[in-house]
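These notes are meant for a colleague who is opening this entry without having seen it before. Please read them with the sequence and the model side by side.

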Amino acid sequence: MIVDPSRALVFGAATIALALSFVVLERLVRTRGVPTEITRRVAHVLACLFALIVHTLVPVWLFVVLSLVFAALMWLSRHFHVFTAIHKVRRRSFGDVYLPLGIGVAALLGQADTAVFVAAVLILGLADVAAGLVGDYLRSSRKTWWGSGAFLAVSVVVLALCGFPVFAIVAVALLATVTERYSPLGTDNVSIPFVVAGLLVVL
């Protein structure tokens, strides 16, 4: 495989930027007392944006390998308490490890249609975080119906902006919302992209 220097440069810059952002978030938690619920949400969005950039730079097989590598790194970080800004939350969750795996699933299912991958990752990165922010605002340690409503609304907007037909928008947004609400222990970071990408491919 011939490596395009410009793509390699962008990939390297994006990777360094993501790593530095994690370091900054960790610093904010340890020295400024910023709540980990906030830093975790920021890291979640940044990781999804990173995935959208990298997806344009490497072949699907390599992207999937990278998702496995990042999942392993997250597990190690969690085990050795490296990035508490990402791993420490009020409830029991392994979403930090599941997130890169879910993004890899979206890449596999959406490899024939970039819009499918983009929609799945944006819903994972934006709708899921919107639901969590609503829950934080309500000071709830559990998922709330208001949070599900926020997830549904953001999902509809994302799917519409990605150009999918109305039927697909309604069906996918509703099923993704149900999936997010009833997926335990952070598994929604895998189940959401699986449901979104899978349904969009079928529909």
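1. A residue is called buried when its relative accessible area is under 20%, exposed when it is over 50%, and partly exposed in between, with a 1.4 Å probe and protein chains only. At 3% relative accessibility, Gly-125 therefore counts as buried. Gly-125 belongs to helix α6, which covers residues 114-137, where helices (H or I, at least four residues) and strands (E, at least two) are DSSP runs numbered from the N terminus.

2. Before going further, please note that this is a predicted model, in which local features need pLDDT of at least 70 and side-chain atom pairs count only at pLDDT 80 or more, while totals for chains, interfaces and linings use all residues. Residues are numbered from 1 along each chain as its sequence is written, and side-chain values use heavy atoms, with hydrogens and water left out.

3. As for the overall fold, the protein chain has nine helices and zero strands, and its pattern along the sequence reads α-α-α-α-α-α-α-α-α. The radius of gyration, taken over C-alpha atoms, is 17 Å, which agrees with the value near 17 Å for a compact globule of 203 residues; the globule rule used here is 2.2 Å times the number of residues to the power 0.38. Along its principal axes, the C-alpha trace spans about 50 × 50 × 25 Å.

4. Of the 203 residues of the protein chain, 46% count as buried. The chain exposes about 10,700 Å², of which carbon and sulfur atoms supply 73%; accessible areas come from the Shrake-Rupley method with a 1.4 Å probe, and for residues only the protein chains shown count as cover.

5. How much of the contact pattern in the protein chain joins residues at least 24 apart? Taking a contact to mean heavy atoms within 4.5 Å, and considering contacts between residues at least 6 apart in sequence, the share that joins residues at least 24 apart is 74%.

6. Returning to Gly-125, and not counting residues up to four places away in sequence, this glycine touches His-44, Val-45 and Cys-48. Gly-125 and Glu-37 are 88 residues apart in sequence, and their C-alpha atoms are 15 Å apart in space.

7. Cysteines deserve a separate look. A disulfide is taken here as a pair of cysteine sulfur atoms within 2.5 Å, and by this rule the count comes to zero disulfides. Cys-48 is in no disulfide, and the nearest cysteine sulfur, that of Cys-162, is 13 Å away. Cys-162 is likewise in no disulfide, with the sulfur of Cys-48 as its nearest cysteine sulfur. Cys-48 counts as buried because its relative accessibility is 3%, whereas Cys-162, at 23%, counts as partly exposed.

8. Is Arg-40 buried or exposed? At 11% relative accessibility, Arg-40 counts as buried, and its place is in helix α2 (residues 36-55). Thr-177 lies in helix α8 (residues 166-182) and is buried, with a relative accessible area of 11%. Leaving aside neighbours within four places in sequence, Thr-177 is in contact with Ser-148, Phe-151 and Leu-152. Ala-160, found in helix α7 (residues 145-161), is by contrast partly exposed, with a relative accessible area of 43%. The C-alpha atoms of Ala-160 and Ala-119, which are 41 residues apart along the chain, are separated by 9.4 Å.

9. Two backbone angles may be worth checking in the model. Most residues other than glycine have a negative phi. His-81, however, has a phi near 55°, a positive value in a residue other than glycine; His-81 sits in the loop between α3 (60-79) and α4 (84-87) and is exposed, with a relative accessible area of 58%. Leu-185 also has a positive phi, of about 60°, although it is not a glycine. Leu-185 lies in the loop between α8 and α9 (188-202) and, at 39% relative accessibility, counts as partly exposed.

10. A last point concerns charge. Lys and Arg count as positive and Asp and Glu as negative, while His and the chain ends are not counted, and the place of a charge is taken as NZ of Lys, CZ of Arg, CG of Asp or CD of Glu. On these terms, the mean positions of the 15 positive and 9 negative charges of the protein chain are 10 Å apart.
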